[in-house]
Amino acid sequence: MTALTDPLFDPVRAGRPTLWTNPAYTPADDPEAAAALAQAVADWARIAPLLARLFPEVGEAGVIGSPLVDLAPLRGALGHAAGPLFLKADHALPVAGSVKARGGVFEVVMTAIAQARAAGLLAPGADVAALASAPARAFFAERSIAVGSTGNLGLSVGIAARALGYRAVVHMSADAKPWKVERLRALGVEVVQHEADYTSAVAAARAASQADPLSAFVDDEDSELLFRGYSAAAAELAGQLDALGLPIGPERPLLLYLPCGIGGAPGGVAQGARGMFGAHVHAFFAEPVQAPSALVQMAHGVGQPVSVYDLGLSNRTEADGMAVATMSALVAKRMEQRLAGVFTVGDDDLMRYLALAHDAAGLQLEPSATAGFAGAHFTARSPQGAAFRARHLPGALAARAVHVVWATGGSFVPAAQFTRFLDTGRALGSDFDLHRT
Ligand SMILES: Cc1ncc(COP(=O)(O)O)c(C=O)c1O
């Protein structure tokens, strides 16, 4: 355990952008992660015919996937030093417009399958596409799915639950953006708005759901299914890099920059990537300076929950998806040796990245989705990044590494709201605070 009074927390407490590298990090082959990834990929393949029936936008193949976008035009502005630089465009994921489509849709559909099986509605081995039928809908209509969310998980769970015919109840934290609330209500989702933060919203949602035997609760703080749903993204990424002639291996490592709130989405992707690439992938989480729940927890040591409030931070940020004060204990444990590090980014820089991504590459991202852009600067130009490279990317490896910025949401943001984000980002100019520290 590292006490919160340790000097390593000084820049974090001061709200300064920081890269913390994990002293317990152990790049290695990871058979446990590989087995979990294989299971996740098989599960997604099994539910694909049902997804195709429920969501026309995923096409006949029933795949919820996103493109890999070359970020070459942004290299200079981002302070990127060397190696290919890509953006994993999960902001454009079908169904929910954010990385949460990978977790939320997966958990809802897997829950529906389990319930239908238990009720004798679906025989073992039967085609799960039958769950899009009228009798199945009638069965789900008597049940509900509940979730606590800062917004995007609520959207993905709400959309998937309603598509199957469930009642859906989404408890939103005070940080949730009004457009997300409106969109859910338009789908017939019951939205309960809380004055309090995300942790309180989840606790309220859990208590309400547990009191109702016909309600299933998607527990963002502690869900194996969400984690598994996210993890399969690593296999998709491997296929895309192979197709580009950039297979990851001993001669070409991979650096991932993953925006983090409670930790499920980045943790699932990071673990899946370990299963896929073993010792040759290095995953970093990215957080707002006022809400670095993973940095605080991982640097303090896992096992005993700590919050950003314990460091006197506010948990206030424009990056609503990352406004989380205490990270998931489940994810913290899984990341103990698997996480390379965590860095933090100021809100002004998040808005600058948002404008840059739009103006230089035509991307529509929300503030939470942009934190990963800071990864290239931190790993190439900070003293902690230099120490990390010396230890884990010796010789020519650093120059050959592929960098992937995970863009986690934004394509569903209404035009008027996006224009406001864009105006803010443009007005701040292109002089990143991070590059001046
Ligand atoms: C756009 C976006 N990025 C990143 C995250 C972080 O994901 P997680 O909370 O699973 O760490 C969220 C969470 O809602 C999000 O909405």
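Biologist: Which residues come nearest to the ligand?
Modeller: Of the 16 residues around the ligand, the nearest are Lys100, Asn152, Gly261, Gly263 and Thr408; a residue counts as near if one of its heavy atoms lies within 4 Å. The model is predicted: local features need pLDDT of at least 70, side-chain atom pairs count only at pLDDT 80 or more, and totals for chains, interfaces and linings use all residues. Residues are numbered from 1 along each chain as its sequence is written, and side-chain values use heavy atoms, with hydrogens and water left out.
Biologist: What lies 2.7 Å from an oxygen atom of the ligand?
Modeller: A polar side-chain atom of Lys100 does, and one of Asn152 lies at 2.7 Å from a ligand oxygen too. For Gly261, a backbone N or O atom lies 2.7 Å from an oxygen atom of the ligand.
Biologist: And how do the shell residues divide by type?
Modeller: Five are nonpolar, nine polar and two charged, where Asp, Glu, Lys and Arg count as charged, Ala, Val, Leu, Ile, Met, Phe, Trp, Tyr, Cys and Pro as nonpolar, and the others, Gly among them, as polar.
Biologist: Which domains supply the shell?
Modeller: Domain 1 (7–97 + 226–436) and domain 2 (100–224) each give at least three residues, with bounds from an automatic or database domain assignment.

Methods
Polar contact = N/O pair within 3.5 Å; in protein donor to acceptor, adjacent residues only side chain to side chain.
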